[in-house]
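Reader: I'm new to this one and would like to go through it slowly. Could you show me the model and then talk me through its parts?

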Amino acid sequence: MNKPLAISGASIGFDESALEDHTVLVDNGNIIDVLPTNRVPQNTHQLVLNGGTLLPGFIDLQVNGGGGVLFNHNPCIETIETICSAHTKLGTCRLLVTLISSDDATTNAAISAAIEAEEKGIPGFLGLHLEGPHLSVARRGAHSEHHIRAMSQADVDTLCRAKARLSYFMITVAPESVSPEQIEQLSSAGIVVSLGHSNASFEQAKKAFARGARCATHLYNAMSPLGHREPGMVGAVLTQHDAYAGLIADGVHVHKAAIKTALAMKSGPGKLFAVSDAMATTGSDIKEFELDGRTISRKNARLELSDGTLAGADTDLYSSFNYLVEKVGVDRSEAIRMVSSYPSACVGAMDYLGSLIPGHAANLIYIDQEARLMQVWVDGQAQLTE
Ligand SMILES: [Zn+2]
């Protein structure tokens, strides 16, 4: 029988909430205790770190690709493995693999691949996020107009059947393409309904929240903005206190003053969290890739279609965390929650994901004194060679 792993020598967490001289005890992929180092049992495998900080592994609710591949190109189990493997090396210990609006065959393949990934327990896999195709053409961003359409009852049935086999399932919809009744059906089935790629009015968005939507997708980007007479979807999200919102914190998608505004408004229970919206480039050195026959180019930390439309982000959650702390001035402990416990709470996984506490999965990252990522553990398994 394997001995429990005892990880010591680093601070656990940041600043006033940090635990010093404590050890994280890991067994069978879970954190079984966090205790003073002088009380660690004898019969353990000891790993003594040289200073630095242990933090909860990141949770990313919007990941289109990584490691050179895009989920849309070939939505199968191997693609999910490649994406998860690229992101776990960057500190993301659980992710929702995300399909950008596509045709029915591709969407069905994505659902089947996600179910298979859950059954096989692919390291790093949390669930599926379908971003579309029930969106607004007016706010499509990089989504192909040809795929965008209203939701039918058959779609609702397909999605609810998929949810029965997926623990975590998020879908981004625009209220213009989905009825309030459909939102209620999806959320009652346990699907996390997130509003986005939408030109909805403030009232339309509020009605969608009242019927069960609980999140917004990449707040500010591809949604009706906050105007002083028509507060739009942004106004609805910022004033809906129980709604969560994902945000792309890469220094390209959203101005830091807009991030500060949202942080001031989202005081809870719904919170603002970071998503990468990563594409194929993350964790690879490719310079361009295709989406629906269009080339997306990587330059100056941006991913763009030929007309300059942003098409996902060239980032990862560790970079987002650093951006939030260094450029936006977010407190380090809060920035960590924005990439761990808040996304976990958004999808209802707080009982076992997102914190370094007994009973949670042993998803940890270790950064040294210079804030360099030194090690990542997914379910207790080290991801980087030491
Ligand atoms: Zn999007």
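Author: Let me start with a definition: a residue is called buried if 20 or more other C-beta atoms lie within 10 Å of its own, exposed if 12 or fewer do, and partly exposed in between. Please also keep in mind that this is a predicted model.

Reader: Okay, so how does Ala-371 count on that scale?

Author: Ala-371 counts as partly exposed, because it has 15 C-beta neighbours inside 10 Å. Its place is the loop between β21 (364–367) and β22.

Reader: And how many Å separate its C-alpha atom from that of Ser-187?

Author: The C-alpha atoms of Ala-371 and Ser-187 are separated by 39 Å, and the two residues are 184 apart along the chain.

Reader: Let me step back a bit. Which domains does the assignment give for the chain?

Author: The assignment gives domain 1, made of 5–55 + 355–382, and domain 2, which covers 58–346. Taken over C-alpha atoms, the centres of domain 1 and domain 2 are separated by 30 Å.

Reader: How many residues from each domain take part in the contact?

Author: Domain 1 brings 13 residues to the contact and domain 2 brings 12 residues. On the side of domain 1 that touches domain 2, strand β22 (residues 373–378) gives the most, with 3 residues. Sorted by class, that side of domain 1 has 6 nonpolar, 5 polar and 2 charged residues.

Reader: New topic, sheets. What is the strand order in the open sheet of 4 strands?

Author: The order is β4-β3-β1-β5, and the pairing in this open sheet is mixed. Strands β4 (30–36) and β5 (45–48) stand at the edges with a single partner strand each, so one side of each is left without a neighbour in the sheet. From one strand to the next, the twist averages 20°.

Reader: In which sense do β3 and β4 pair?

Author: Strand β3 (residues 22–27) pairs with β4 in the antiparallel sense, over 6 bridges.

Reader: What about β17, which of its residues are on the covered face and which on the uncovered one?

Author: In strand β17 (residues 288–291), Phe-289 and Leu-291 make up the covered face, while Glu-288 and Glu-290 make up the uncovered one. Strand β17 runs antiparallel to strand β18 (residues 294–299), and 4 bridges join them. Within that pairing, the bridge partner of Phe-289 in β18 is Ile-296. The two strands, β17 and β18, form a hairpin with 2 residues between them, and Asp-292 in the turn has a positive phi of about 50°.

Reader: Then where is His-197, and is it buried or exposed?

Author: His-197 lies in the loop between β13 and α5, and its phi is near 45°, a positive value in a residue other than glycine. His-197 counts as buried, because 31 other C-beta atoms lie within 10 Å.

Reader: And Asp-379, where does that one lie?

Author: Asp-379 lies in the loop between β22 and β23 (381–382), with a positive phi near 50°. Because Asp-379 has 17 C-beta neighbours inside 10 Å, it counts as partly exposed.

Reader: You mentioned peptide bonds too. What kind of bond joins Gly-132 and Pro-133?

Author: A cis peptide bond joins Gly-132 and Pro-133, with omega at about 10°, and Pro-133 sits in the loop between β11 (125–131) and α3 (153–163). The bond from Gly-268 to Pro-269 is also cis, with omega near 5°, and Pro-269 is found in the loop between α7 and β16 (272–275).

Reader: Last one, helices. How many residues of α6 are buried?

Author: Helix α6 (residues 232–239) is mostly covered, with 6 of its 8 residues buried, and Met-233 and Leu-238 are among them. The elements that cover these buried residues include β13 (192–195), α5 (202–210) and α7 (256–265).

Reader: And what covers α8?

Author: Helix α8 (residues 317–326) is mostly covered as well, with 7 of its 10 residues buried, including Tyr-318 and Phe-321. Among the elements that cover its buried residues are β7 (58–63), β10 (92–100), α9 (332–338) and β22.

Terms used: Residues numbered from 1 in each chain as written. Predicted model: local features only at pLDDT ≥ 70, side-chain atom pairs only at ≥ 80, totals over all residues. Domains from an automatic or database assignment. Contact = placed C-beta atoms within 7 Å. Nonpolar A, V, L, I, M, F, W, Y, C, P; charged D, E, K, R; others polar. Pairing = 2+ DSSP bridges. Axes fitted to C-alpha atoms, helices over the stretch in contact; angles between N-to-C directions.
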